[in-house]
Amino acid sequence: ARALGGRSGAQLKGTLDGEALVEGSAGEKRARFSWNVKSPRLFDLGFEAGEGSGSFESGVLTLDRAELTAGGGTIGLSGRITTGARVVDGSASGAAGETTGESASPELDLKLATNGFRLKRLVALPPGIDSIDGRLDVDLSVRGSARAPVIDGSALLSDGRLEGFGLAEPLTDIEADIQGGGTTVAVRRAQARSGGGRIEASALVDITPSQAGPTFLAFASLKSPRFAVERLAEGRIDGNLSWGGTPSRSELKGRVVVKDAVITRSIGLRDLVGRAPRVIVVRRADDPRANVGLNLDVSIDDRIEVESNLAQASLEGGASIGGTLLSPRVSGSLFADSGSFTYLANDFNVEEFKIDFIEAQRHDPYITLEGTTDVESRTGEEYLVRARVDGYLNDVVPEFTSTPALSQPDIMSLLTFGNTFGALMAGDGATGSSSSTFTSLAQRAFLSSAFGLAEQRLERLLRLDTVAFESEKLA
C-alpha cells in the first residue's frame, strides 16, 4: 500500500490479515484470496474496518469487493485489473505460485461507490479538523491504462459541517459537486456558510500518475466568515486564495483583508511580571500540514480595535505569513499613535505602541510601548510617570521613570500604594504609626486576590533584592 501511495498520493495503513488459495492445472493456476484490515486509515481518515475478496486468473485480477466501513456506511471498490501476469508452477528459480509477467501498464475497469456513508462516522480525522459531517454519494468508474486512467462519474457532498482550523464558528451547509472526466477531476462547485459569511471554492486535479502524486489547483473566495484566535482576538476576513501543487509539496497563497477585528484578551498582573514557560511541541513526522507552504499577505480594513482590561487602542498596519501550515511564520508590524493602557490600576496615555513580528523562530512579537500618567501621592506631591516596554512579549519587563526623579522601587510603590517607600515607612499622609500604616496597605495590596503572587515575583516587579512577609505580623 505504501508503494502504491508513493505514486497516487494515497497511503493505506492498518493491520492486515489475509489468506489465499492457489489451485489449477500444472501450466496455469488460479488464486483466490480474501482479506480484512483492522482500523484502516486512508488519507488520514480513520475507518472501523476494511475487508474484501477476489481472484487472480489468466492475468486478470478480479475484485469481488473491497470495502472500508464506518458506522454502517461503506466505501466500496469492485471490478477488474488486467495485468498480463500469470500464476505458474515453481521452478529452480522461484517458489510455487510465483506470479510472472511483463511490466506493461495494467488495464483498469473499476467502480467506486458509497452506500449510506456519512462523514461523522469516521473514527479518526486529519490534523486540524475537530469534527466533520455530511452525506457523501459517490458513483465513479475508472477505466483505461493505469498510467493514464479515465475517470467518469460524480461525487456529491451535501448537508456538510466542519469544525477546526481556528474557525470561530463551524462551516455549515457545505455542498460540493465533484465530476470526473478523463484524467481530470473537477470540483465544479463548493460552498459553505460560516458566522454570517460565505466561502466559495473550485478546484482541478490531474490524476495522471507520477512520483509526486496528483497535481491540483484550487481557488477560494472568502466573503466575511468569522475567525477567532482563542482568548485573544476575533473578526472577519475577505479575500481570495489559491492552493496548488502535489500532496508532497504545495503552496497556499493569496491576499486577505481583516475586518471588524477586536483584540479582547484580558491580561492580569501575572501575565506581565511572569515569564511564559518554554513549551516543546512534539509533532508527527508525517503531518501533512508540513507539506503546505504559506505565502499570504494580510492587510487591515480600517483598524484593529484593542478592547481589553489592559489597553484601549486602535491598531493599523499589515503582515505577511510564510512558513508552512504546520509552522507558520509571521512578519510585519501593527502600530497605534494614541489610546491608553492600564498598569497597576493606573491609566497611561499611549505615546508609542508598536507590535513587530521580526524573528521567524519566535511566536511572540516584539513590543514597543510608551506612555505617561499623572500621579498625585497621598502627601500631595505630583509626579509625571513614564512607562516603557521594549522587548519580546514573553520576556519583557516594564521600565519606569518619573519627573521629579524617583528610584524604580519608589515609582512602583507610588503606583501601587500611592506613596513612595520612604513616605510609607515614615507614616506620612496617613493616621496611625508607620508600622500599622504599612501593614494595612500591605494587607490590602499584596494579600488581595489581585496580587496573590509569590515573593520572587514581587522581587522582580519591585526591583528589590529580597521581599519577605511575616504572615503573623501582617495579620
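Strand β14 (residues 184-194) and strand β15 (residues 197-206) run antiparallel and are joined by nine bridges. Strands are taken as DSSP runs of E with at least two residues, numbered from the N terminus. Two strands pair if DSSP finds at least two bridges between them. The structure is a predicted model, in which local features need pLDDT of at least 70 and side-chain atom pairs count only at pLDDT 80 or more, while totals for chains, interfaces and linings use all residues. Residues are numbered from 1 along each chain as its sequence is written, and side-chain values use heavy atoms, with hydrogens and water left out.

Within this pairing, V187 has A203 of β15 as its bridge partner. The hairpin of β14 and β15 has two residues between the strands. In that hairpin, G195 takes a positive phi near 55°.

Strand β13 (residues 171-182) contains D177. With a relative accessibility of 11%, D177 counts as buried. Buried means under 20% relative accessible area, exposed over 50%, and partly exposed in between, with a 1.4 Å probe and protein chains only. The side chain of D177 makes a polar contact of 2.8 Å with that of Q179. A polar contact is a pair of N or O atoms within 3.5 Å; within protein, one must be able to donate a hydrogen and the other to accept it, and residues adjacent in sequence count only if both atoms are side-chain atoms. Leaving aside residues up to four places away in sequence, D177 touches A155, L156, A186, V187, R188 and R189. Contact here means heavy atoms within 4.5 Å.

R189 also takes part in a salt bridge with E175, with the closest N and O atoms 3.1 Å apart. E175 lies in β13 and R189 in β14, so the pair ties together parts that are 14 residues apart in sequence. E175 is partly exposed at 32% relative accessibility. R189 is partly exposed as well, at 36%.

A salt bridge is defined as a side-chain nitrogen of Lys or Arg within 4 Å of a carboxyl oxygen of Asp or Glu. By this rule, the count is 26 salt bridges. One of them joins E200 and R198, at 3.7 Å from N to O. E200 has a relative accessible area of 30% and is partly exposed. R198, at 22%, is also partly exposed. D356 and K354 form another salt bridge, with their closest N and O atoms 4.0 Å apart. D356 is buried at 12%, whereas K354 is partly exposed at 33%. Shared partners join the salt bridges of E351, E352, E370, R386, R388 and D390 into one network.

Aromatic pairs number five in the structure. Rings of Phe, Tyr and Trp (its six-membered ring) pair if their centres lie within 6.5 Å; planes under 30 degrees apart count as stacked, over 60 as edge-to-face and the rest as tilted. The F341 and F348 rings are stacked, because their centres are 5.1 Å apart and their planes lie at 5°. F341 is buried at 7% relative accessibility, and F348 is buried at 0%. The rings of F348 and F400 form a tilted pair, with centres 6.4 Å apart and planes at 50°. This second pair links distant parts of the chain: F348 in strand β24 (residues 346-357) and F400 in strand β27 (residues 399-403), 52 residues apart. Both F348 and F400 are buried. Together, F341, F348 and F400 form one aromatic cluster.

F348 and F400 also belong to the largest nonpolar core, which has 46 residues. A nonpolar core is a set of buried Ala, Val, Leu, Ile, Met, Phe, Trp, Tyr and Cys residues joined through side-chain atoms within 4.5 Å. The members that touch the most others are L315, F348, F353, V385, F400 and L415. Strand β19 (residues 292-300) supplies the largest share of this core, five residues. Not counting residues up to four places away in sequence, F400 touches Y343, F348, V385, R386, A387, Q408, I411, M412 and L415. Another core, of nine residues, lies apart from the largest one. Its members include I81, L110, I151 and A155.

Strand β1 (residues 12-24) contains G24. G24 is exposed, with a relative accessible area of 56%. The C-alpha atoms of G24 and E57 are separated by 9.8 Å, and the two residues are 33 residues apart along the chain.

How values were computed:
Helices (H or I, at least four residues) and strands (E, at least two) are DSSP runs, numbered from the N terminus.
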